[in-house]
Amino acid sequence: MHHSEQPRSGHVVIGVDTHKHVHVAAVMDTIGGILATLTVPTDTGGFQKLADWAASFGTVLAFGIEGTGSYGATVTSFLRRAGHKVVEAGRPDRRLRRMNGKSDTLDAENAARAVLAGFATATPKSADGEAEMIRQLKIAHDQAVEQRAAAMITMKAMLVHAPDALRRETAGKTQLSLARQLAAMRPRRLEGPEDALRHTLRTLAKRWQYLDTEAKELTKMIGDLVQRVAPQLLEPFGIGVDTAAEILVVTGDNPARIKSEAALAKLAGIAPVPSGSGMTSGRHRINHGGHRQLNAAIYRTVIVRMRFHQPTIDYVARRTTEGKTKREIIRCLKRYVIREVYHLLRPAPRTASAAS
């Protein structure tokens with residue numbers, strides 16, 4: 001009886017707690033509080049039902065979705081195509097979860113509250129273009145590279161116990177020619193440990209060759225995509241295809257969502273964070289959060305420049321005489337690379353919209 005008189009603004013935010021098979025949503029009026037919750041299956045029909053349900057409560061200001069990069073990725077794309085504003089609501093605050101208990105509806109309510117309170121402000125990456133294609137190919141590529149290295153380590157470990165003649169033949173060879181030689185062995189018998197060793201080495205070598213081919217093919221596909229979407233990234237000194245690919249994966253298909261150079265630095269884990277409260281030293285330390293693969297890619301770029309790029313070599317020399325440690329210098333250089341990358345990515349969204 002009382003509830004019907006409850007004041008409402010008619011403006012709502014929707015919080016969504018995402019799972020593999022169902023999503024739980026809570027609708028919250030900006031002054032009337034939580035109005036209702038709904039559970040929908042994770043398919044297009046469910047997403048449509050969610051959008052219609054949300055609209056029935058008034059003007060939808062935004063959806064706060066927990067896990068826009070994982071279980072929430074498809075519903076995020078769906079809602080954005082339907083013209084809704086979607087923000088990443090992040091994981092619920094652990095203290096809140098401990099105090100209030102955990103349940104899907106509570107998580108959805110917390111996601112809605114986070115949007116309203118302004119904590120949830122990050123625009124999620126859209127996964128509808130080349131950056132998403134690169135991300136998918138890179139998963140296969142990185143795994144092939146990892147397994148290729150593992151095969152080589154095992155091969156070399158087994159060669160330690162090989163007969164002297166075989167060890168002499170294989171000494172000092174490159175990985176490619178070692179794999180080629182061992183794959184070409186034709187062990188006939190299987191009578192003693194030495195025969196078994198030859199069979200094993202041949203198998204490992206063929207595996208290495210297979211993975212090597214696979215990694216190279218994927219590298220080429222990734223390279224073509226990078227060239228298509230952001231050739232300007234490949235021009236600066238030391239930014240290779242792999243670094244450019246990592247940058248594009250992190251920035252997503254809507255780089256305009258990264259509002260500032262500092263925001264990109266934070267995403268890459270290259271932003272300084274204060275290392276104490278207001279009462280302490282005022283020193284900063286590096287933020288070790290962020291995307292570790294992107295951080296590593298930028299580190300590689302810096303190392304290449306420190307060896308071969310004259311302006312960087314001069315910069316390092318100057319800062320060293322000023323008493324900076326190598327670690328501090330690398331940190332500064334990483335920040336410069338971020339600045340460069342940020343400005344190279346800026347023009348992309350405008351040209352893309354003009355073209356379409």
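The model is a predicted one, which I keep in mind throughout.

**Entry 1: overview.** I started with the whole chain. I find 14 helices and seven strands in the protein chain. The chain has 356 residues, and 39% of them count as buried. I also looked at how far apart in sequence the contacting residues are. Among contacts with a separation of 6 or more, 59% join residues 24 or more positions apart.

**Entry 2: the sheet.** In what order do the five strands of the open sheet lie? I read it as β3-β2-β1-β4-β5, and the pairing is mixed. From one strand to the next, the twist averages 25 degrees.

A reminder to myself: strands of a sheet pair through backbone hydrogen bonds, in either a parallel or an antiparallel way.

**Entry 3: pair by pair.** I took the pairs in turn.
- β1 (residues 11-18) and β2 (residues 22-29) are antiparallel, with seven bridges between them. In β2, V24 is the residue opposite D17.
- β1 and β4 run parallel and are joined by seven bridges. Here I14 sits opposite F63 in β4.
- β4 and β5 also run parallel, joined by three bridges. F63 turns up again, this time opposite V86 in β5.

I then checked how covered β4 is. Six of its eight residues are buried, so I note β4 down as mostly covered.

**Entry 4: helices on the sheet.** Which strands does helix α2 lie across? I find α2 (residues 73-81) across β2, β4 (59-66) and β5, and its direction is at about 160 degrees to β4. Helix α4 (residues 104-117) packs on the sheet too, touching β1, β2, β3, β4 and β5. The α4 direction makes about 135 degrees with that of β1.

**Entry 5: T301.** I moved on to helix α11 (residues 292-308), where T301 is found. Is T301 buried or exposed? Its relative accessibility is 0%, so I count T301 as buried. Setting aside neighbours within four places in sequence, I list F237, G238, I239, T243 and V337 as its contacts. I looked at V337 separately: T301 and V337 are 36 residues apart in sequence, and their C-alpha atoms are 8.0 Å apart in space.

**Entry 6: empty space.** Last, I looked for holes. Rolling a probe the size of a water molecule over the atoms shows where empty space is left. How many cavities of 30 Å³ or more does the structure hold? I get one. The largest cavity has about 40 Å³ of space. Which residues line the largest cavity? I wrote down T251, P255, I258, L264, Y342, L345 and R346. Sorted by class, that lining has five nonpolar residues, one polar and one charged.

Notes:
Residues numbered from 1 in each chain as written. Predicted model: local features only at pLDDT ≥ 70, side-chain atom pairs only at ≥ 80, totals over all residues. Heavy atoms only, no water. Pairing = 2+ DSSP bridges. Helix = DSSP H or I, 4+ residues; strand = E, 2+ residues; numbered from the N terminus. Axes fitted to C-alpha atoms, helices over the stretch in contact; angles between N-to-C directions. Contact = heavy atoms within 4.5 Å. 1 Å grid on protein atoms, 1.4 Å probe; cavity = no way out; pocket = protein on both sides within 12 Å on 5 of 7 lines; lining within 4 Å. Points joined across faces, edges and corners; volume = space filled by probe spheres on them. Nonpolar A, V, L, I, M, F, W, Y, C, P; charged D, E, K, R; others polar. Buried < 20%, exposed > 50% of the residue type's maximum accessible area, 1.4 Å probe, protein only.
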